[in-house]
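Here are some exercises to work through with the model open beside you. Try each task before you read its solution.

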Amino acid sequence: MKTLVVGGGPTGLVAACRLRLDGVEARVIDRASGPATTSRALGLQPRGVEVLGRIGALGDLPHRALDLRDVTFYANGRMISSVKVTAPEGASRPLVIGQTEIEAALRARLAELGGTVEWGTELRALTQHPDGVTATMADGSAIEAEWVLGCDGSRSVVREQAGIGFPGTKVAERFLLADVAMHLPREHTGSTSWLHARGMFVAIPLPGAGPAPIWRLMADVPLAEADELDQEGVMAHLRQAAATRAGLAELDIAEVRWTSTFRINRRLADDYRRGRVLIAGDAAHVHSPFGGQGMNTGIGDAENVAWKLAMVARGLAGESLLDSYPAERRPVAGDVLDNTTFTTRLLLSGQPVVRAVRDRIVLPVLASGPAQARLVAKASQLGVSYRRGPLGGPGGVGDRVPDVRNGRWTLVVPPGGAPECVAIAREWLGDELAVLSGDDAVVRLVRPDAHLAWRGSRAGTKLDRWLSNALGPATASREVAAAPQ
């Protein structure tokens, strides 16, 4: 029942942890020589916090994260909007913390579950067979697996080997970024974006100790030579952007920790599955970093595909269950791509009319209560619903269930119980099924990713029918053993 996970970043690590929690061997390989040491993505949205909590990987990240309070926009030296950073009721606030710290927490959890990342192991080719996949490494060695999950980034070898298209377009020319220790005349609890006819300049507070508070600086530059800039060149352009666009004539920088350049593209894979090969995270979708959605969307992919893959690998569901993965998650990525592309083009627009509408209408409206509530709900990803997918339906089926976060199949029964439903659910799902008491007459079955799977009466006939249709022709007996937790 071995699954090969290609890629030791957040997406691959979440998937591997989830698989191992469900009793499925997950082998993780990565072509890099070791863990990344630069911060890269900056934190977890509330949904990402919940996912790490469900797999037991959250640890002390909430205590080490920076508490971001607001996002402020300036245009031509004048503040035009300030958006408070909050969370939907009952949910965690976003956690601003470097991707390196998140990955370290996930690797620690994977080690607790008996796994590790095999660094310096580069995939070169995949060959699918009726019962598995042969993965050939750069050194000529081979790994046999029943399934392969590609979490190996935007230049995914897994996606390429599976023959999955990855169409897309360029959104912005070049961005420069730097993580620095510096004294900035801003509170170290808020992100600030200065908009200008020549582009934008952004300063985002980061956690961590240094000779001065830690900030991430970003600016767009329409330079063909940006890819060739060294650290000194990146910092020179950032200083110039700070002076021109933000009116910061001098940046009091005590230490430069990391610089990088990147181009913003939007790409979405044609499919997320080809036979016994699946893809997730940046291997399936890339988009603008504005809004902090990329890593969190990948984490959502990982949880969704992993619990389904575990069901199939353990013989508790037929392979048709895996078709619900792209059906559910690809529209989520499409929505993220649309929103982040719109935001990026709006913020970076060089057209005077668009900038006027942005500065006088769009961004000021975001400071209103109703607009902020909608923005927070969207950014949190807690409103993601699968009701239109193959496992969704009326009555909220497919929606997130906020008060069930245990990471297990859970049956919520009315006062007095529903023994027939409990017996049927356990026949299909095993003894690891959790049973909780609800406060109304409806029986609810909740998926391991905390989305509503089914709702109905105490009579178990309809539940049995739903499980049969959703899980398909399983290979294991319905009398199954519990998976290790």
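**Exercise 1.** Find the open sheet of eight strands and give its strand order.

*Solution.* Step 1: the order is β5-β4-β13-β14-β15-β12-β16-β19, and the pairing is mixed. Strands here are DSSP runs of E with at least two residues, helices are runs of H or I with at least four, and both are numbered from the N terminus. Two strands pair if DSSP finds at least two bridges between them.

Step 2: look at the edges. β5 (78–84) and β19 (285–286) each have a single partner strand, so one side of each is left without a neighbour in the sheet.

Step 3: check one pair. β4 (residues 70–75) and β5 run antiparallel and are joined by six bridges; Val 71 has Val 83 in β5 as its bridge partner.

A note on the source: this is a predicted model, in which local features need pLDDT of at least 70 and side-chain atom pairs count only at pLDDT 80 or more, while totals for chains, interfaces and linings use all residues. Residues are numbered from 1 along each chain as its sequence is written, and side-chain values use heavy atoms, with hydrogens and water left out.

**Exercise 2.** Trace the open sheet formed by six strands.

*Solution.* Step 1: the order reads β7-β2-β1-β11-β18-β17, with mixed pairing. At the edges stand β7 (117–119) and β17 (273–274); each has a single partner strand, so one side of each lacks a neighbour in the sheet.

Step 2: follow β2 (residues 26–30). Three bridges join β2 to β7, and the two run parallel; Ile 29 stands opposite Glu 118 in β7. Four of the five residues of β2 are buried (under 20% relative accessible area; exposed is over 50%, partly exposed in between, with a 1.4 Å probe and protein chains only), so β2 is largely enclosed by the rest of the structure.

Step 3: move on to β1 (residues 3–6). Four bridges link β1 to β2, again parallel, with Val 5 opposite Val 28.

**Exercise 3.** Which residues have the most contacts inside the largest nonpolar core?

*Solution.* Step 1: a nonpolar core is a set of buried Ala, Val, Leu, Ile, Met, Phe, Trp, Tyr and Cys residues joined through side-chain atoms within 4.5 Å.

Step 2: the largest has 96 residues, and Leu 44, Leu 52, Leu 411, Leu 429 and Leu 445 have the most contacts inside it. Helix α7 (residues 294–313) gives the largest share of this core, eleven residues.

Step 3: another core lies apart from it, with 22 residues, including Trp 215 and Leu 248.

**Exercise 4.** Is Gly 163 exposed, partly exposed or buried?

*Solution.* Step 1: locate Gly 163 in the loop between α5 (157–162) and β12 (168–183).

Step 2: its relative accessibility is 47%, so Gly 163 counts as partly exposed.

Step 3: the C-alpha atoms of Gly 163 and Arg 274 are separated by 7.9 Å, although the two residues are 111 residues apart along the chain.
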